[in-house]
Amino acid sequence: METLAAVLVTVIGAATPLLFAALGELVSEKSGVLNLGVEGMMLVGAVCAFAAALTTGSPAAGILAGAAAGMLTALLFGVLTLSLLANQVASGLALTIFGVGISALIGRDFVGTPLPRLPLLEIPGLSDLPVVGRLLFGHDVLVYLSIAAVPAVIWLLDRSRTGLILRAVGENHEAAHALGHSVIVVRYLAVMFGGAMAGLGGAYLSLAHTPMWAENMTAGRGWIALALVVFATWRPGRVLLGAYLFGGVTVAQLHVQGFGVDIPSQILSMLPYLATIAVLVAISADSVRVRLNAPASLGRIFHPDS
Amino acid sequence: MKTLGLKPLMGWLGAAALALALNAGTALADPTKVGFVYVGPIGDHGWTYRHDIGRKAIEKAFGAKVKTTFVESVKEGADAERVIRKLASTGHKLIFTTSFGYMNPTVKVAKSFPDVRFEHATGYKQAGNVSTYMARFYEGRHIAGLIAGKMTKSNVIGYIGSFPIPEVVRGINAFTLALRQVNPKATVKVVWVNTWYDPGKEGAAAKALIDQGADVILQHTDSPAPVQAAQERGVWAVGQASDMTHFGPKSHLTAIVDVWDGYYVDRTRAVMDGNWKSGDTWGGLKDGMLAMAPYNPALPADVLAMAKQAEADIMSGKVHPFQGPIRDQAGKEKVPAGKSLDDGALLSMNWYVEGVQGKLPK
């Protein structure tokens with residue numbers, strides 16, 4: 001059982017960055033903005049979090065810097081697509097390329113420097129419980145934050161007035177505009193939230209999961225997060241499921257190899273992708289509901305004066 | 001403002017790509033220009049990082065007489081050919097292409113530039129102006145195996161593989177042979193991550209192996225994440241490509257360090273002196289093409305002495321890591337006592353020795 005708990009702790013580590021980035025992108029897409037720059041924002045978040053934590057010695061400063069850096073990168077995307085009305089797909093791709101480059105530049109002097117891991121929040125008594133102790137009460141603040149973000153985003157989107165406006169903007173921006181809502185402001189805020197969350201996902205990688213900076217250390221997780229949003233049909237609960245499924249199968253296939261099961265490792269490496277897509281597609285098979293969830297104005301440019 | 005869309009963006013992208021492709025400036029007076037093509041970023045702290053240190057050694061050795069250029073993160077394939085051609089056509093007299101997948105593009109471009117010398121790492125195709133070079137990393141794996149055999153308590157060793165190619169299989173086998181020479185009860189669990197570089201996945205693989213009882217972690221991938229995971233879990237690890245001590249001061253037994261500096265300086269000097277010749281170099285510990293990182297001070301004196309002795313014996317040729325008798329996983333004798341495997345067999349190795357668990361993916 002102790003082993004199982006240790007395995008599950010590894011799964012949480014693999015899932016957390018995806019959960020952060022995918023939740024952020026979900027909110028951004030719900031407002032109608034498709035930001036393909038998640039990978040870039042995660043990298044900028046990762047390097048800034050690492051740099052801040054290392055130079056100030058404060059993990060909290062690192063986390064804040066990661067979120068702020070992701071947000072600023074997203075702001076750049078916002079200026080391009082919302083104010084200058086550039087194409088969202090092209091700008092998003094450019095943002096990723098930009099993020100890879102600028103994070104490498106910022107991180108030049110940090111390559112090969114270790115950092116103490118983000119402290120685990122241990123609750124005296126509870127964390128020492130057998131099996132469940134480490135599993136439930138032995139994580140760092142970012143893990144708890146990522147989990148708490150799921151109900152928060154659900155509440156924000158489904159229960160709050162802000163969420164109603166955000167969804168209205170994402171469904172039909174002309175109508176929302178006619179009702180007097182500021183489409184551009186709402187979208188700026190949503191995009192920046194997405195950036196901050198991607199930055200936190202990056203910060204989790206460079207502060208907790210593998211506490212170091214190495215170029216391109218996200219290794220494609222931003223793209224997986226993007227895919228999760230679509231396959232989860234823009235629902236936060238399913239994003240949570242997808243992120244943990246992906247992390248779980250990733251870790252499980254490594255274990256299967258370690259046990260010497262006779263399945264080619266190349267096939268096992270594909271499994272996380274296959275399993276996640278299969279499960280999310282199966283539970284999202286109702287095409288009418290999918291269409292209801294997909295923001296109708298996703299990726300469309302809004303001309304304020306048209 | 002409304003027309004500001006795709007076009008200027010594409011312009012930026014193009015400019016960025018161009019800038020990326022050409023860190024090369026315009027030709028200065030007369031320095032010998034040396035170009036490098038890297039498969040990863042110079043900040044990977046692994047394979048590419050070590051090649052870049054070799055490039056800096058050239059600059060240090062020849063100062064203003066050389067000018068080096070590098071292009072990083074070049075994809076293997078068509079992109080590589082474009083970059084190599086660009087370097088060749090902008091006055092570079094010597095070009096190092098540092099990944100296996102650059103083999104065909106290098107040979108192809110070399111045909112159109114007979115006056116330019118090419119050096120391709122880890123490949124096997126030579127030409128009049130194309131040399132190949134690589135290091136006998138398996139010699140370092142042998143030493144790591146001896147140490148691991150002495151240090152393991154659980155007798156389970158975890159090995160993180162990148163791709164099941166002969167280079168990596170050779171390392172696993174050299175390690176396992178030495179491991180079982182000092183500890184016949186020890187076995188090796190291999191996990192393939194199917195990537196050279198993904199810190200998160202490499203770390204997760206290390207943790208999975210530790211959870212399955214491994215108390216020494218080996219890696220044939222490029223990031224320090226496995227060493228870090230070992231430190232976190234309180235087990236041993238052996239680093240790869242660079243000295244990774246500071247990522248796990250307690251866990252890091254040693255590392256097998258790539259050292260290209262000497263070779264790069266020699267080959268550059270040969271081009272400057274006009275006596276460069278095409279060849280195939282497979283250098284080992286004795287040629288200084290690899291080195292062992294400082295051993296962990298926690299090693300017992302006898303283990304340390306054994307490691308140092310093994311280094312000396314490999315250099316003098318007294319020990320060959322693939323000395324018989326060698327059995328494969330089925331227990332069949334592949335190499336009889338008194339013989340050792342030749343380079344041809346090493347270069348095409350596609351079977352596991354006895355003591356490795358699981359089946360080699362094909």
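Helices (H or I, at least four residues) and strands (E, at least two) are DSSP runs, numbered from the N terminus. The model described here is predicted, so that local features need pLDDT of at least 70 and side-chain atom pairs count only at pLDDT 80 or more, while totals for chains, interfaces and linings use all residues. Residues are numbered from 1 along each chain as its sequence is written, chains are lettered from A and ligands numbered from 1 in the order in which they are written, and side-chain values use heavy atoms, with hydrogens and water left out.

Chain A has 13 helices and 0 strands. Its radius of gyration, taken over C-alpha atoms, is 20 Å, close to the 19 Å that the globule rule (2.2 Å times the number of residues to the power 0.38) gives for 306 residues, so chain A is as compact as a globular protein of that length. The C-alpha trace of chain A spans about 60 × 45 × 40 Å along its principal axes, and 55% of the residues in chain A are buried, meaning under 20% relative accessible area with a 1.4 Å probe and protein chains only. Of the contacts in chain A (heavy atoms within 4.5 Å) with a separation of 6 or more, 78% join residues 24 or more positions apart.

One residue of this chain can be followed in detail. A:Ser28 lies in helix H1 (residues 2-30) of chain A, and A:Ser28 is buried, with a relative accessible area of 1%. Apart from its neighbours within four places in sequence, A:Ser28 is in contact with A:Val33, A:Asn35, A:Ala190 and A:Val191.

Chain B comprises 11 helices and 14 strands. A compact globule of 362 residues would have a radius of gyration near 21 Å, and chain B agrees with this at 22 Å. In chain B, 59% of the residues count as buried, and the C-alpha trace spans about 65 × 55 × 40 Å along its principal axes.

Conventions
Buried means under 20% relative accessible area, exposed over 50%, partly exposed in between (1.4 Å probe, protein chains only).
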